[in-house]
There are 2 protein chains.
Amino acid sequence: MTQAAQTAIQKSDVIVGYRTYLDLIPELLAGKEVMSSEMMKEVDRCGKAIDLAAAGRTVSLVCGGDPGIYAMAGLVYEMVRAHGQAIAVEVVPGIAALNACAARLGAPLMHDFAAISLSDLLTPWPVIEKRLEAAAMADFVIVIYNPRSKKRVEQLTKAREIIMAERGGQTPVGIVTAATRENEKIELTTLEELLSCDVGMQSTVIIGNSQTYLWQDVMVTPRGYARKYEL
Amino acid sequence: MTQAAQTAIQKSDVIVGYRTYLDLIPELLAGKEVMSSEMMKEVDRCGKAIDLAAAGRTVSLVCGGDPGIYAMAGLVYEMVRAHGQAIAVEVVPGIAALNACAARLGAPLMHDFAAISLSDLLTPWPVIEKRLEAAAMADFVIVIYNPRSKKRVEQLTKAREIIMAERGGQTPVGIVTAATRENEKIELTTLEELLSCDVGMQSTVIIGNSQTYLWQDVMVTPRGYARKYEL
């Protein structure tokens, strides 16, 4: 958590968020009006925050990671726009899954990369396939969000197949599950072995480009310094 | 800056970094051995940090943004590997330019995106062109790092041309210069108008996908919630 995020919460009258996240910051909630929820959906939570802000309160809507990367910021703007009333919104950036997972794996994101979500709930699968093909073909490091859930198990198999058409089976792959949480798990593998690894709802998968290598317990994508500086 | 980064610095004996960044955290440097530099290059700073760590000191190597996104983490691993001695390395993630710039622009990174550096110092230009083409074709939001420097002015012109071949001139574009610094500047424009804007070494440029829209003073890429939830 950044200092800026702490300050934003401290300056707020009301804190709205998913209980799992709010439970991590009890000291920041003291003396605040708190609207937490276990089951309330994103849209409901967001609507509640907007109603409170429209009534003149200063509200922090708390989420995990970075609200600006595949997260709540967009929904907030879409709902404020639909609401019609002028409401000032500030997005406070945070450590997204891609930042946290890259750090845990070593240095896989030293060069151009593409972030792709495999969830086809809100995106047609052919669009996702096209992106996987493009990213694989142009040798991007690929960060896969939402690789698998209980109901969606085939998408990762298909994604791997698409990437394997362009990249060797020995391409390094890093899997980080529940990054920075108590149950964090880090696994380094290869495209060849990916499907035998434990990948779930809390996992992010990073697939190396043609230059990425595994060294000891880390995954590194060089930027070319070695060639330039002759280490 | 995150709490984790503060803690890492507090636990270190020696702090190595570029003076501009160290000047931002005087209170964390009190009582520490500090090796700052204005002109010492990345490789020298990194080598100094590694030598100190090899001698048994606990060293923080401080950089701006996120060391794991186009930054120092990879160089550290490459140099530790070349050094040969066993040295424990931990990467502490931070707010990368893409996180900070996205937050300042609204919510442009709500869907799949590609990060591409236009610097051809360490990467052949044809590789960069291929990535621009792939990202444009597959409708990724595109985050452009190192769009322009005093010596490199043509790359952004070419990049815009490549993207315009796939995407309309009215596609929203956000430019953030010196994000979160005193001289921060935010500009919202379109692909059509991009070249008439002020883009420099401290700028990051985010180009929307086919769904991205400008609304009031922000740039939003919807995830499709509106269709699903009927806002």
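The following dialogue explains how to read several features of a predicted model.

Colleague: Let us begin with the chain as a whole. How many helices and strands are there in chain A?

Modeller: Chain A has nine helices and eleven strands. Its C-alpha atoms fill a box of roughly 55 × 40 × 30 Å along the principal axes. Of the 231 residues in chain A, 55% are buried.

Colleague: I should like to turn to pockets. How much space lies in the second largest pocket?

Modeller: The general idea is that rolling a probe the size of a water molecule over the atoms shows where empty space is left. In this model, the second largest pocket holds about 300 Å³ of space. Its lining consists of 19 residues, and those closest to the centre are A:D217, A:V218, B:Y77, B:I87 and B:V89.

Colleague: Which elements give two or more residues to that lining?

Modeller: They are α6 (97-105) of chain A and α5 (72-83) of chain B. The greatest contribution comes from α5(B), with three residues.

Colleague: By class, which residues make up the lining of this pocket?

Modeller: Eleven residues of the lining are nonpolar, four are polar and four are charged.

Colleague: Since α5(B) has been mentioned, how should one read its length? What should its twelve residues span at 1.5 Å a residue?

Modeller: The expected span is 1.5 Å times one less than the number of residues. For the twelve residues of α5(B) this gives 16 Å, and the C-alpha atoms at its ends are 16 Å apart, so the two values agree.

Colleague: Is α5(B) mostly covered or mostly uncovered?

Modeller: It is mostly covered, as nine of the twelve residues in α5(B) are buried. The buried residues include B:M72, B:L75, B:Y77 and B:V80. After the helix comes B:G84, which has a positive phi near 95°.

Colleague: My next topic is aromatic rings. How many aromatic pairs does the structure hold over all chains?

Modeller: A pair of aromatic rings is described by the distance of the centres and the angle of the planes. The structure holds seven such pairs over all chains. One of them joins A:Y70 and A:Y145, with 4.5 Å from centre to centre and 40° between the planes, and this pair is tilted. A:Y70 lies in the loop between β3 (59-62) and α5 (72-83) of chain A, while A:Y145 lies in strand β6 (residues 141-145) of chain A; the two are 75 residues apart, so that the pair links distant parts of the chain. Both A:Y70 and A:Y145 are buried.

Colleague: Which pair crosses between chains from A:Y70?

Modeller: A:Y70 also forms a tilted pair with B:F113, with centres 6.3 Å apart and planes at 40°. This pair runs from the loop between β3 and α5 of chain A to strand β5 (residues 113-117) of chain B.

Colleague: Why do A:Y70 and B:F113 count as buried?

Modeller: The cut-off for a buried residue is a relative accessible area under 20%. A:Y70 counts as buried because its value is 9%, and B:F113 does so because its value is 0%. Ring pairs join A:Y70, A:F113, A:Y145, B:Y70, B:F113 and B:Y145 into a cluster.

Colleague: Finally, where does a charged group sit over a ring, as in the case of B:R131?

Modeller: The charged end of B:R131 sits over the ring of A:F140, at 5.8 Å from its centre. B:R81 likewise lies over the face of A:Y213, at 4.1 Å from the ring centre.

Methods: Residues are numbered from 1 along each chain as its sequence is written. Chains are lettered from A and ligands numbered from 1 in the order in which they are written. This is a predicted model: local features need pLDDT of at least 70, side-chain atom pairs count only at pLDDT 80 or more; totals for chains, interfaces and linings use all residues. Side-chain values use heavy atoms; hydrogens and water are left out. On a 1 Å grid over the protein atoms alone, a cavity is a set of points where a 1.4 Å probe fits but cannot get out, and a pocket is an open set with protein on both sides within 12 Å along at least five of seven lines; lining residues have an atom within 4 Å of a point. Grid points are joined across faces, edges and corners, and a volume is the space filled by probe spheres set on the points. Helices (H or I, at least four residues) and strands (E, at least two) are DSSP runs, numbered from the N terminus. Ala, Val, Leu, Ile, Met, Phe, Trp, Tyr, Cys and Pro count as nonpolar, Asp, Glu, Lys and Arg as charged, and the others, Gly among them, as polar. Buried means under 20% relative accessible area, exposed over 50%, partly exposed in between (1.4 Å probe, protein chains only). Rings of Phe, Tyr and Trp (its six-membered ring) pair if their centres lie within 6.5 Å; planes under 30 degrees apart count as stacked, over 60 as edge-to-face and the rest as tilted. A charge sits over a ring if NZ of Lys or CZ of Arg is within 6 Å of the ring centre and within 35 degrees of the ring normal.
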